[in-house]
Amino acid sequence: MSADGTWNTTMYTPMGAQNGTLHLTSEGNNLTGKLAGPQGEMEITDGAIDGDNVSWKASITSPMAMTLEFSAVVSGDEINGNVKLGAFGEATFTGTRA
(Lines give C-alpha, C1' and ligand atoms only; values in the text may rest on other atoms or scores of the structure.)
Protein backbone atom coordinates (compact mmCIF):
# COMPACT_ATOMS: atom_id res chain seq x y z
CA MET A 1 0.00 0.00 0.00
CA SER A 2 1.33 3.40 -0.91
CA ALA A 3 2.33 5.78 1.86
CA ASP A 4 1.89 8.74 -0.51
CA GLY A 5 -0.56 11.41 0.51
CA THR A 6 -1.64 13.49 3.46
CA TRP A 7 -2.16 11.92 6.88
CA ASN A 8 -3.89 13.33 9.97
CA THR A 9 -1.75 12.09 12.87
CA THR A 10 -1.75 11.99 16.65
CA MET A 11 1.47 11.43 18.59
CA TYR A 12 1.01 10.27 22.19
CA THR A 13 3.90 12.02 23.98
CA PRO A 14 4.73 12.56 27.66
CA MET A 15 3.36 16.10 27.13
CA GLY A 16 0.01 14.70 25.99
CA ALA A 17 -1.50 13.99 22.59
CA GLN A 18 -0.04 16.12 19.78
CA ASN A 19 -2.05 16.40 16.57
CA GLY A 20 -0.36 17.04 13.26
CA THR A 21 -0.38 16.59 9.53
CA LEU A 22 2.07 14.44 7.62
CA HIS A 23 2.64 14.77 3.85
CA LEU A 24 4.52 11.83 2.31
CA THR A 25 5.82 11.17 -1.20
CA SER A 26 7.63 7.99 -2.19
CA GLU A 27 10.03 7.56 -5.08
CA GLY A 28 11.37 4.03 -5.25
CA ASN A 29 12.67 3.25 -1.75
CA ASN A 30 13.04 6.94 -0.85
CA LEU A 31 10.48 8.81 1.22
CA THR A 32 10.22 12.60 1.37
CA GLY A 33 7.72 14.98 2.86
CA LYS A 34 6.79 17.42 5.59
CA LEU A 35 5.49 17.13 9.12
CA ALA A 36 3.37 19.97 10.53
CA GLY A 37 2.21 20.32 14.12
CA PRO A 38 2.36 22.51 17.23
CA GLN A 39 6.13 22.99 16.74
CA GLY A 40 5.66 24.28 13.18
CA GLU A 41 6.42 22.65 9.82
CA MET A 42 9.58 20.67 9.13
CA GLU A 43 11.01 18.63 6.27
CA ILE A 44 11.50 14.94 6.95
CA THR A 45 14.98 13.50 6.37
CA ASP A 46 16.45 10.03 5.89
CA GLY A 47 13.07 8.78 4.65
CA ALA A 48 12.90 5.16 3.56
CA ILE A 49 10.18 2.77 2.43
CA ASP A 50 10.30 -1.03 2.41
CA GLY A 51 6.97 -2.56 1.43
CA ASP A 52 4.45 -1.36 4.03
CA ASN A 53 7.23 -0.22 6.42
CA VAL A 54 8.27 3.44 6.43
CA SER A 55 10.80 5.41 8.46
CA TRP A 56 12.05 8.99 8.62
CA LYS A 57 13.52 11.62 10.90
CA ALA A 58 12.41 15.16 11.73
CA SER A 59 14.32 17.78 13.71
CA ILE A 60 12.45 20.09 16.07
CA THR A 61 13.67 23.12 17.99
CA SER A 62 10.72 23.63 20.37
CA PRO A 63 10.22 22.92 23.23
CA MET A 64 13.90 21.89 22.86
CA ALA A 65 16.13 20.84 20.00
CA MET A 66 16.01 17.12 19.19
CA THR A 67 15.71 14.73 16.29
CA LEU A 68 12.58 12.59 16.24
CA GLU A 69 13.00 9.14 14.66
CA PHE A 70 9.82 7.62 13.22
CA SER A 71 9.08 4.04 12.16
CA ALA A 72 5.63 2.94 11.04
CA VAL A 73 3.52 0.50 9.09
CA VAL A 74 1.02 1.64 6.46
CA SER A 75 -2.13 -0.50 6.28
CA GLY A 76 -4.73 0.79 3.85
CA ASP A 77 -5.79 4.23 5.05
CA GLU A 78 -4.08 3.89 8.45
CA ILE A 79 -0.52 4.46 9.61
CA ASN A 80 0.71 3.32 13.03
CA GLY A 81 4.13 3.40 14.58
CA ASN A 82 6.65 4.59 17.11
CA VAL A 83 8.77 7.68 17.47
CA LYS A 84 12.02 7.99 19.44
CA LEU A 85 11.98 11.26 21.37
CA GLY A 86 15.69 11.73 21.95
CA ALA A 87 16.44 11.49 25.69
CA PHE A 88 12.70 11.32 26.48
CA GLY A 89 12.17 7.71 25.41
CA GLU A 90 9.58 6.63 22.87
CA ALA A 91 5.99 7.45 22.00
CA THR A 92 3.43 5.91 19.70
CA PHE A 93 1.56 7.61 16.91
CA THR A 94 -1.43 6.82 14.74
CA GLY A 95 -2.85 8.41 11.64
CA THR A 96 -5.53 8.19 9.00
CA ARG A 97 -5.34 9.23 5.38
CA ALA A 98 -6.86 12.68 4.90
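Strands are DSSP runs of E of at least two residues, numbered from the N terminus. In the present model, which is predicted, T92 is found in one such run, strand β9. The C-alpha atoms of T92 and S75 lie 16 Å apart in space, with a separation of 17 residues in sequence.

The interior was examined next. In soluble globular proteins, nonpolar side chains tend to be buried together. The largest nonpolar core of the model comprises 24 residues, and the members that touch the most others are L24, V54, W56, F70 and I79. At least two residues of this core come from each of the strands β1 (5–13), β2 (16–27), β3 (30–37), β6 (53–60), β7 (66–75), β8 (78–84) and β9 (90–97). Strand β7 makes the greatest contribution, with 5 residues.

With neighbours within four places in sequence set aside, F70 is in contact with M11, L35, V54, S55, W56, A58, N82, V83 and F93. Two of these contact residues, W56 and F93, also belong with F70 to one aromatic cluster.

A pair of aromatic rings is described by the distance of the centres and the angle of the planes. The model contains 3 aromatic pairs.

A second pair joins F70 to F93; its ring centres are 5.4 Å apart and its planes stand at 80°, so the pair is edge-to-face. Since F70 belongs to strand β7 and F93 to strand β9, the parts tied together by this pair are 23 residues apart in sequence. Both F70 and F93 are buried.

Attention then turned to open space in the model. Rolling a probe the size of a water molecule over the atoms shows where empty space is left. The largest pocket has a volume of about 410 Å³. Its lining consists of 26 residues, and those nearest the centre of the pocket are M11, T13, Q18, Q39 and L68. Two or more lining residues are given by each of the elements β1, β2, β3, β6 and β7. In terms of class, 18 of the lining residues are nonpolar and 8 are polar, while no charged residues are present.

Q18, one of the residues nearest the centre of the pocket, lies in strand β2. The relative accessible area of Q18 is 16%, and the residue is therefore buried. Residues up to four places away in sequence not being counted, Q18 touches T9, T10, M11, T13, P38 and Q39. Of these partners, M11, T13 and Q39 are also among the residues nearest the pocket centre.

Definitions and conventions
Residues numbered from 1 in each chain as written. Predicted model: local features only at pLDDT ≥ 70, side-chain atom pairs only at ≥ 80, totals over all residues. Heavy atoms only, no water. Core = buried A, V, L, I, M, F, W, Y, C linked by side-chain atoms within 4.5 Å. Buried < 20%, exposed > 50% of the residue type's maximum accessible area, 1.4 Å probe, protein only. Helix = DSSP H or I, 4+ residues; strand = E, 2+ residues; numbered from the N terminus. Contact = heavy atoms within 4.5 Å. 1 Å grid on protein atoms, 1.4 Å probe; cavity = no way out; pocket = protein on both sides within 12 Å on 5 of 7 lines; lining within 4 Å. Points joined across faces, edges and corners; volume = space filled by probe spheres on them. Nonpolar A, V, L, I, M, F, W, Y, C, P; charged D, E, K, R; others polar. Phe/Tyr/Trp six-rings, centres within 6.5 Å; stacked < 30°, edge-to-face > 60°.
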